[in-house]
Amino acid sequence: MAPTKNSPSKDFFLWDYDSTLFPLRINRLMVDKFSSELARFVKTQSLSESGGFQPQHRVFATKRGWFLRPTVKLDPVAEFFFYDFVYRNRQLFRNRSRNQERATYGYQFLEGNPISILKSYSDFKKAVAKFRHSYKHCIYFDVSAYFNRIYHHDLIEWCEKVGASQADVSVFGKFLREISAGRSIDCLPQGIYPAKMVGSAFLNFLEESGQIRSAQTVRMMDDVWLFDNDREKLIADFLMAQKLLVKRSLTINEEKSAVLEGHDPSADLPPDLDEMKIQLLQKRREELAEGSEYTDPVDDDSEDTELIELTNDEQNYLVSLLKRGSIQEEDAELVLTLMRDHSSSILEFIPQFIAGFPGLAKRLYYFCINTPYKSEIAAEVLKFLKTKAQITEYQLFWFGMMTESYFLNIPACKDLLLTIYDHPNGTDITRAKILEIPEKRFGFDDLREGQLNKGHSDWLAWTAAVGARDQPKGHRNQLLKYFRKVSPMNHLIGEFVEECF
């Protein structure tokens, strides 16, 4: 069961890390430096008769328009197990239908590597455009709150049906049951590539069903298109697809579904989408394509410092989008993606980005990579944190990431760290983000020591242990001596810090 030291499972995790919703440093450090020990812990503790996976901590990522995406943050053991389980069973994650008229895109392995999601998304959109031109009628639908409604029993049944070994079926069931504390629904984590692969493969029953007779279907995750020249056949398939979904306690999103007739390419574009904006959206796609191999077409972020060059007219156009009466979130995202090398031009709008678009907190993090105005942005973040405005867990987490990556050597650092840690909207995960930073100033050694001495086994204790990694070894190891006695997980993390730092 244990992978080799330089295992593909480890590489899979490390490639996907930057694309996740709450990338705590402790998980990356442990997978990178301690993966063999993690695998051994899974085998001897998590999968033993007397052991198990811990129930996972609920978190809320922020989507567009203040909507929340509820999921869990997996601890280092559970997270590594899931990547390793999916990689070892990668043959299960493919469209089992050999029919080219039943096309699926994304979230599969090709020659041992996960395929590029951005390329898959581009291919998916091209296929949709092609078939909308080829057929007289089409229907589009997606599944409402898909990940939060998948039923535990159905996932286990799927895993067995597609050919997993009985041992792996049992292990998968145990993992899903225990990380969700026995909940039958909402048991599949979101925002990490292995979960996306499971979610996509689970819906393969739509392609495999002989009861859907449309000439062509195209799907990427839960976005589904049906095409045919016979409108009545399409309607019949649409009704059948809903019945197949309801059998698994799933329903379609009525607001995002449509029965379409004919194809007017201009109707696919918003009325205000002029030629310049179309060119900039293409540059955005090219820019994001240079990022992580395993990112989502909507959620991905690039750490590359090489940006596609913008003309003066394009820069002026992007700034003009921000000077309109009200900034649209799509425009704000486009500007933050493309204007990282021209941050002086949009510095005055940073307060609006921070306060008005909580779902862009991660995008703002990447915007800060190249800007020389880190002190100014830090000041605006701190100013916002001290207001009475609504601030989400996702924002606080990414403000903590920004502080760790960019603001530790500027005057606002102390206030930022303490304000994020003590913020009334803070959660264990946002405070854990601060505790795992190996900061020795501002009383953080005492803060971490207080967590280590509480006798707890939770995110605050675990990240306090990892945050103490740069302390003098004698004092640090004395603290960890008692921390390690609290639980097997504490023992594992204490051993990791002592051996690797």
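The chain exposes about 21,800 Å². Carbon and sulfur atoms supply 48% of that area. The model is predicted. Buried residues make up 56% of the 501 residues in the chain. The secondary structure comes to 23 helices and nine strands.

**Contacts and core**

- Take the contacts between residues at least 6 apart in sequence: 74% of them join residues at least 24 apart.
- The largest nonpolar core has 160 residues.
- Which residues have the most contacts inside this core? They are Phe82, Phe172, Phe353 and Met402.
- Met402 is in contact with Leu364, Tyr365, Cys368, Ile377, Val381 and Phe407, leaving aside its neighbours within four places in sequence.

**Helix 1**

- Helix 1 covers residues 8–16.
- Its buried residues are Ser9, Lys10, Phe12, Phe13, Leu14 and Asp16.
- What do the buried residues of helix 1 pack against? Their helix partners are helix 2 (25–46), helix 3 (76–88) and helix 8 (193–202). They also pack against strand 4 (109–110) and strand 5 (113–114).
- An α-helix has 3.6 residues a turn, so residues three or four places apart point the same way.

- Five strands form an open sheet in the order 3-7-8-6-9. The pairing is mixed.
- From one strand to the next, the twist averages 15 degrees.
- Strand 7 (residues 216–220) and strand 8 (residues 223–228) run antiparallel and are joined by five bridges. Within this pair, Val218 has Trp225 of strand 8 as its bridge partner.
- In a regular strand the side chains alternate between the two faces of the sheet.
- Helix 4 (residues 117–134) lies across strand 3, strand 6 (137–142), strand 7, strand 8 and strand 9. Helix 4 runs at about 155 degrees to strand 7.

- Strand 1 (residues 57–62) pairs with strand 2 (residues 68–73) in the antiparallel sense. Six bridges link the two strands.
- Which residue of strand 2 is the bridge partner of Thr62? The partner is Leu68.

Key:
Residues are numbered from 1 along each chain as its sequence is written. This is a predicted model: local features need pLDDT of at least 70, side-chain atom pairs count only at pLDDT 80 or more; totals for chains, interfaces and linings use all residues. Side-chain values use heavy atoms; hydrogens and water are left out. A nonpolar core is a set of buried Ala, Val, Leu, Ile, Met, Phe, Trp, Tyr and Cys residues joined through side-chain atoms within 4.5 Å. Buried means under 20% relative accessible area, exposed over 50%, partly exposed in between (1.4 Å probe, protein chains only). Contact means heavy atoms within 4.5 Å. Helices (H or I, at least four residues) and strands (E, at least two) are DSSP runs, numbered from the N terminus. Accessible areas come from the Shrake-Rupley method with a 1.4 Å probe; for residues, only the protein chains shown count as cover. Two strands pair if DSSP finds at least two bridges between them. Axes are lines fitted to C-alpha atoms, for helices over the stretch in contact, and angles run from 0 to 180 degrees between N-to-C directions.
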